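I opened my notebook for a first walk through this structure. Here is what I looked up, entry by entry.

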Amino acid sequence: MYKAIIVDDEAVVRVGLKNTIDWNEHGFELIGDYANGRDAWEAVEQQKPDLVISDISMPFMDGLELAGLIAGSFPYIKVIILTGYDEFDYAQQALRLKVSDFILKPVTAREIRQLLDKVRGEMDEERQRHENLSSLQDQLKQSVPLLRERFLERLVAVGLSKIEIEDRFAYFGLPPLATHSLVMAIDIDDFGDRELLSYEHDVEFLRFAAFNIFEEIAEKENAILFRTREERMVAIVTAHAADGDESLLYETAFRLAEDVRHQIEKYLKFTVTIGIGRISLSPDMLPASFKSALSALDYRFLFGKNRVLSILDLEGKPELASPPSLNWDRSLVSAVKSGSFEEAQQLIEQGISELKKALVPIGTCLLQMQKVTLSLMNAIQEVIPAGRETSLDSQMMLMDVYRFKTLDEIEGWLKQAVHAVMAEIADNRNHFTNSQVRRAVEYIETNYANDKMSLQEICRHVLMSTSYFSLVFKQHTGETFIEYLTGVRIAKAKDLLQTTSLKFYEIAERVGYGDPNYFSILFKKHAGMTPKDYRENKGSGL
């Protein structure tokens with residue numbers, strides 16, 4: 001049973017659609033009806049229906065704006081637009097927003113029933129295509145040739161010259177990379193409750209099914225996909241210089257990743273975690289983006305499975321290049337950066353134990369410890385901006401290893417050093433998040449009069465994804481973005497009511513509300529009285 005909602009400012013339309021149609025008979029559960037796009041958007045965020053049937057012309061937020069928000073955040077939700085005969089141009093715009101269908105008013109119950117059957121058929125076909133794993137066996141034989149996979153893996157793992165990249169791209173028939181590119185890496189968390197046979201090809205078959213979904217979605221963004229020998233799925237997402245803002249490339253990558261994560265969970269019943277790397281400015285710099293995508297995946301230990309993790313959200317923009325790969329200490333650095341104290345301690349014990357078993361000379365041991373210390377210092381430089389001072393003395397840490405006489409003493413010292421480095425990185429992460437939230441607050445308090453201000457606009461300003469920003473903003477301010485923006489606007493309106501003789505509609509415009517009626521309703525909700533009563537009682541201490 002699919003979930004649906006109705007959005008129309010005409011009560012008679014909503015009541016008619018609810019009462020004259022047996023929604024269950026057509027495969028749908030009607031979970032709500034709303035009189036404007038603003039209320040409907042809140043319901044979409046909370047309940048995530050499969051289908052939204054919406055009018056175009058509505059107060060507060062029209063149907064096209066609602067369709068745009070849904071397409072940007074939940075691309076898997078189908079939208080059907082209702083429109084009048086004199087709004088055909090709007091209908092054309094709706095098609096550009098990739099809505100599933102539109103129907104002209106006045107609409108009959110029969111037309112809605114036919115439309116529901118059509119949409120249900122499309123949804124059933126889509127579900128069957130993803131869930132019918134047996135139909136994918138033939139496609140498995142036609143997967144991307146191994147040579148192409150290995151070339152792309154070398155491209156992002158170790159890097160290639162520009163000439164070699166151009167030649168091999170032409171050989172494999174790949175589209176040329178744009179100026180700006182980034183790498184995203186997908187790793188299967190586990191196979192959930194799905195029962196697996198004891199044959200390796202069954203596991204491989206499920207991996208291919210996930211890759212098939214990834215390929216189908218990413219094809220719309222012209223991304224280049226392949227699988228690595230570590231069984232990760234990787235995509236190179238590109239944008240031409242004409243596209244301008246780098247934040248648009250991050251938004252595209254995050255939208256693609258969220259769609260892939262959702263559909264794999266929905267149709268295959270297991271979860272993946274996706275790491276999004278930093279932007280590279282030329283194809284030969286892709287290894288740095290790939291490495292940062294893998295670093296984002298390391299944070300799965302801290303934040304849990306079934307997530308999209310952007311390295312920009314977690315570590316900000318680096319001032320220095322990423323450190324080179326190391327041996328066992330690379331795993332230690334990953335544990336340190338992800339905040340896994342117990343894993344870091346275990347890795348230290350494991351490394352010291354291996355040195356003991358190998359009977360390594362003391363000089364070699366000391367060099368190995370310096371190697372570990374340098375890796376920790378590189379981790380700090382990668383995460384913490386160069387201009388920000390730290391409490392750790394790098395030179396002293398490098399020299400400390402020479403004052404110990406046993407590996408047991410070095411083990412105890414290294415555990416303390418790792419603890420100090422983890423505390424420094426955690427403090428910087430908090431500092432970075434606090435600074436981004438402060439930037440957002442300053443932007444809101446400076447631009448509150450802009451009636452077009454949105455969550456997406458704020459996130460572009462601070463270079464954070466919408467989901468991560470919403471989480472940290474609520475943690476730091478105690479309010480959602482909309483609640484905070486409303487509070488600022490109402491406070492400014494109170495001041496104008498007390499200190500000026502402006503008309504109410506003028507005050508509404510000055511604080512970012514183009515609709516005076518909506519402003520009055522919102523003001524009364526927050527102030528406990530209408531703007532008129534507030535102005536008249538300003539001298540009475542209310």
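**Entry 1: Ser465**

I started with Ser465, which I found in the loop between helix 19 (455–462) and helix 20 (466–477). I kept in mind that I am reading a predicted model. Is Ser465 buried or exposed? Its relative accessibility is 11%, so Ser465 counts as buried, the limit for that being under 20%.

Next I checked what its side chain does. The side chain of Ser465 makes a polar contact with the side chain of Asp313, at 2.7 Å. Leaving out residues up to four places away in sequence, I noted that Ser465 touches Phe254, Asp313 and Cys459.

Cys459 sent me back to helix 19, where I noted it as one of the buried residues. With 6 of its 8 residues buried, helix 19 is largely enclosed by the rest of the structure.

I also looked at the backbone where this helix ends. Just after helix 19, Leu463 takes a positive phi of about 55 degrees.

I moved on to helix 20, where Phe469 has its place. Phe469 has a relative accessible area of 0%, so I put it down as buried. Which residues is Phe469 in contact with, leaving aside its neighbours within four places in sequence? I listed Ala440, Leu455, Ile458, Cys459, Val462 and Met464.

Phe469 and Asp313 are 156 residues apart in sequence, yet I read 8.3 Å between their C-alpha atoms.

**Entry 2: the chain as a whole**

I stepped back to see the overall picture. The chain has 24 helices and 10 strands. Of its 542 residues, 49% count as buried. I then looked at contacts between residues at least 6 apart in sequence, and 70% of them join residues at least 24 apart.

**Entry 3: Arg207**

I picked an arginine next: Arg207 lies in helix 9 (residues 200–218). At 18% relative accessibility, Arg207 counts as buried, because the limit is under 20%. Setting aside residues up to four places away in sequence, I saw that Arg207 touches Ile188, Phe191, Arg227 and Glu231. I also looked up the spacing to Arg232, which is 25 residues from Arg207 along the chain; their C-alpha atoms are separated by 9.2 Å.

**Entry 4: two lysines with positive phi**

Where does Lys48 lie? I found it in the loop between helix 2 (37–47) and strand 3 (51–55). Lys48 is not a glycine, but it has a positive phi of about 50 degrees. Its relative accessible area is 37%, so Lys48 is partly exposed.

Lys269 has a positive phi of about 65 degrees, although it is not a glycine. I noted a relative accessible area of 47%, which makes Lys269 partly exposed.

**Entry 5: helix 14 with helix 15**

Now for helix pairs. Two packed helices are described by the angle between their axes and the distance between the axes. Helix 14 (residues 328–338) and helix 15 (residues 341–357) pack at about 160 degrees, with their axes 8 Å apart. That angle makes helix 14 roughly antiparallel to helix 15. I also noted that helix 14 passes helix 15 in a left-handed crossing.

From helix 14, Trp328, Ser331, Leu332, Ala335 and Val336 meet Glu343, Ala344, Leu347, Ile348 and Gly351 in helix 15. By class, I have 7 nonpolar, 2 polar and 1 charged residues in this contact.

**Entry 6: helix 21 with helix 23**

My last pair was helix 21 (residues 481–499) and helix 23 (residues 516–527), which pack at an angle of about 95 degrees, with axes 11 Å apart. That makes helix 21 roughly perpendicular to helix 23.

On the helix 21 side I wrote down Thr486, Ile490, Ala493, Lys494 and Leu497, which meet Phe519, Leu522, Phe523, His526 and Ala527 in helix 23. The contact of helix 21 with helix 23 has 7 nonpolar, 2 polar and 1 charged residues.

Conventions: Residues are numbered from 1 along each chain as its sequence is written. This is a predicted model: local features need pLDDT of at least 70, side-chain atom pairs count only at pLDDT 80 or more; totals for chains, interfaces and linings use all residues. Side-chain values use heavy atoms; hydrogens and water are left out. Axes are lines fitted to C-alpha atoms, for helices over the stretch in contact, and angles run from 0 to 180 degrees between N-to-C directions. Helices (H or I, at least four residues) and strands (E, at least two) are DSSP runs, numbered from the N terminus. Angles under 35 degrees count as roughly parallel, over 145 as roughly antiparallel, 65 to 115 as roughly perpendicular and the rest as oblique. A crossing is left-handed if the near helix is turned anticlockwise from the far one by less than a right angle, and right-handed if clockwise. Contact means heavy atoms within 4.5 Å. Ala, Val, Leu, Ile, Met, Phe, Trp, Tyr, Cys and Pro count as nonpolar, Asp, Glu, Lys and Arg as charged, and the others, Gly among them, as polar. Buried means under 20% relative accessible area, exposed over 50%, partly exposed in between (1.4 Å probe, protein chains only). A polar contact is a pair of N or O atoms within 3.5 Å; within protein, one must be able to donate a hydrogen and the other to accept it, and residues adjacent in sequence count only if both atoms are side-chain atoms.
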